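Trainee: I am new to this one. Can you take me through how its helices pack and where its pockets lie?

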Amino acid sequence: MSISTIIGSHILDKCANEYRETGDICLKDLVALHYTFQQKILLAFELVDLGSVTVFKSSTSSGKAMIRVISSQGDYWIVPGSHECQCIAFQRNKDVCKHILAAEFTMKAMNVEDYVLVTDDYLSKIFLDKIFQ
């Protein structure tokens, strides 16, 4: 991961926390995100606004989670913090894509009660299906 992506991830964390607490993001942080991620951040926020991102979290204390991002190119499953995606853009550039940005923002901006609670077995099945596609 590049230094600008690491810095951008910190700004994204700050924005997600701000959004969770106030329902808004300050303009200077949006400008910084756009400067770092260019068009990808706008596309990521569009996915979030469309309700295309769902966080599946374990109903046990394991803390396991998977994030589903539905876009025009297909359904993508993101492991929180992995910064990996199956999409063509990520596979080509090995750099953060709109799916990863949408997943990370949603995971951090959502309240726990908004997660879809599932069993660890269900999460394991999703993960194995993702690995062996």
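The talk below covers helix packing and then pockets.

Mentor: This is a predicted model, where local features need pLDDT of at least 70, side-chain atom pairs count only at pLDDT 80 or more, and totals for chains, interfaces and linings use all residues. Residues are numbered from 1 along each chain as its sequence is written, and side-chain values use heavy atoms, with hydrogens and water left out.

Trainee: At what angle do H1 and H5 pack?

Mentor: Helices here are DSSP runs (H or I, at least four residues), numbered from the N terminus. H1 spans residues 3-22 and H5 spans residues 98-109. Axes are lines fitted to C-alpha atoms over the stretch in contact, with angles from 0 to 180 degrees between N-to-C directions. The two axes lie 8 Å apart, at an angle of about 45°.

Trainee: Why is H1 called oblique to H5?

Mentor: Angles under 35 degrees count as roughly parallel, over 145 as roughly antiparallel, and 65 to 115 as roughly perpendicular. The rest count as oblique. H1 and H5 pack at about 45°. That angle makes H1 oblique to H5.

Trainee: Which class has 7 residues in the contact of H1 with H5?

Mentor: Contact means heavy atoms within 4.5 Å. From H1 come residues including Leu 12, Ala 16 and Tyr 19, and from H5 residues including Leu 101 and Phe 105. Ala, Val, Leu, Ile, Met, Phe, Trp, Tyr, Cys and Pro count as nonpolar, Asp, Glu, Lys and Arg as charged, and the others, Gly among them, as polar. The contact has 4 charged, 1 polar and 7 nonpolar.

Trainee: At what angle do H3 and H5 cross?

Mentor: Residues of H3 in the contact include Ala 44 and Val 48, and those of H5 include Ala 102 and Thr 106. By class, this contact has 2 polar, 2 charged and 9 nonpolar residues. The axes come within 8 Å and cross at roughly 55°.

Trainee: How do the axes of H2 and H3 cross?

Mentor: H2 covers residues 27-37. Its Leu 30, Leu 33, His 34 and Phe 37 meet H3 residues, among them Ile 41 and Phe 45. The axes come within 6 Å, and the crossing is roughly 120°.

Trainee: How much space lies in the largest pocket?

Mentor: On a 1 Å grid over the protein atoms alone, a pocket is an open set of points where a 1.4 Å probe fits, with protein on both sides within 12 Å along at least five of seven lines; lining residues have an atom within 4 Å of a point. The lining includes Tyr 19, Phe 45 and Phe 105. H3 and H5 each supply at least two lining residues. The space is about 210 Å³.

Trainee: Which helices each supply at least two residues of the second largest pocket's lining?

Mentor: This pocket holds about 160 Å³. Among its lining residues are Lys 40, Ile 88 and His 99. The helices are H3, H4 (88-93) and H5.

Methods: Points joined across faces, edges and corners; volume = space filled by probe spheres on them.
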